[in-house]
Amino acid sequence: MLWTSLGLLLTLTALGAPSAAPKAKPARISVSGYGLKRMLRTVELGGKKPEFLGPSFVEDSAMILLARIKRDGYLQPSITILLSLEDGERILARAAELVDNPLPRPLRIKRVQFRIRKGILYHYGKLEFEGLQSVSKKQARSYFMETETLLHLKRARVFTPERLRGGLASLTQALDRQGYRQATAEADRVVRDDKNGSVSAHITVHRGPKYWVQSVREEFFYRGSNAPLNTRTERVHEPYSKLWQQDFVLSLKTNQ
């Protein structure tokens, strides 16, 4: 009888224990039209899954999406944002309007949907150079687009203002390595066709004088001395550039 009563008591105690609260479901994020959902969770949320999202998350995510899509060559994308709030209310917004018209505060967002329309892909249709002389056209083009692909696809000729600036910088640096320290490369004519995305660009290059290293005088100082204990002059006949100077100094440090 004692065992039966104890078993009954344990059973009643278990039935009377309070049940655990249901685990809150995390807020939902969806991105249609471009596969960047994982990037938003990694960059903006650090991999976390909060129960609610705030308006700052939506605004920052919209700017990140716009920047990424434009970086890929789609310079005129549009993003529609649908927000579902905790109380069931829905808000429709456009990413391009959030800078001047931010979302109201506070908001407890249960779901956010980014609907992306990429638009047309901007690409180089024509790329012309003037004044190259010491750089081949193929090499010059490689600074602005992919030239190793067998098929001349638009994706290998993507145009963005950032890529154009990067190509100009790379071309100028290549001329600097040849000794043209005052070289400049300028896109003096860029025409974009907003109907098909084709871009025509004309690059003008001014090399300027070429600088040469004829000789280098090396002076070796040792600790505690104010005058060089050893000097040496090397005869050199190479184009002068900052990169050459850095390499020469590094070789001296390595050998000494």
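Mentor: What follows is a discussion of the sheets, a helix, some aromatic rings and a few backbone features.

Mentor: This is a predicted model, in which local features need pLDDT of at least 70 and side-chain atom pairs count only at pLDDT 80 or more, while totals for chains, interfaces and linings use all residues. Residues are numbered from 1 along each chain as its sequence is written, and side-chain values use heavy atoms, with hydrogens and water left out.

Trainee: What is the order of the 4 strands in their open sheet?

Mentor: The order is β1-β4-β2-β3, with mixed pairing. Strands here are DSSP runs of E with at least two residues, and helices are runs of H or I with at least four, numbered from the N terminus. Two strands pair if DSSP finds at least two bridges between them.

Trainee: Why is one side of β1 and of β3 left without a neighbour in the sheet?

Mentor: β1 (28-32) and β3 (90-94) each have a single partner strand, so they stand at the edges. Neighbouring strands of this sheet are turned by 15 degrees against each other on average, direction ignored.

Trainee: How many bridges join β2 and β3?

Mentor: Strand β2 (residues 78-85) pairs with β3 in the antiparallel sense over 5 bridges. With at least two bridges required, the 5 found between β2 and β3 qualify them as a pair. Leu 82 stands opposite Leu 92 in β3.

Trainee: What makes Ser 84 buried?

Mentor: Buried means under 20% relative accessible area, exposed means over 50%, and partly exposed lies in between (1.4 Å probe, protein chains only). Ser 84, in strand β2, has a relative accessible area of 15%, so it is buried. Leaving aside neighbours within four places in sequence, Ser 84 is in contact (heavy atoms within 4.5 Å) with Glu 89, Arg 90, Ile 109, Lys 110 and Arg 111.

Trainee: Which kind of aromatic pair do Tyr 124 and Phe 159 form?

Mentor: Rings of Phe, Tyr and Trp (its six-membered ring) pair if their centres lie within 6.5 Å; planes under 30 degrees apart count as stacked, over 60 as edge-to-face and the rest as tilted. A search of the whole structure finds 4 aromatic pairs. Tyr 124 and Phe 159 are 5.3 Å apart centre to centre, with 90 degrees between the planes, and are therefore edge-to-face. Tyr 124 lies in strand β5 (residues 123-130) and Phe 159 in the loop between α4 (137-142) and α5 (161-177), so the pair ties together parts that are 35 residues apart in sequence. Both partners are buried, Tyr 124 at 1% relative accessible area and Phe 159 at 3%.

Trainee: Why is the pair of Trp 244 and Phe 248 called stacked?

Mentor: The ring centres of Trp 244 and Phe 248 are 5.1 Å apart and their planes stand at 20 degrees, so the pair is stacked. Being 4 residues apart in helix α6 (residues 242-255), Trp 244 and Phe 248 are separated by about one helical turn. Ring pairs link Tyr 240, Trp 244 and Phe 248 into a cluster.

Trainee: How do you know that Arg 108 lies over the face of Phe 52?

Mentor: A charge sits over a ring if NZ of Lys or CZ of Arg is within 6 Å of the ring centre and within 35 degrees of the ring normal. Arg 108 is at 3.9 Å from the ring centre of Phe 52 and lies over its face. Arg 192 lies over the face of Tyr 122, at 5.1 Å.

Trainee: Is Gln 133 buried or exposed?

Mentor: At 64% relative accessibility, Gln 133 counts as exposed. Gln 133 lies in the loop between β5 and α4 and has a positive phi of about 60 degrees although it is not a glycine.

Conventions. Axes fitted to C-alpha atoms, helices over the stretch in contact; angles between N-to-C directions.
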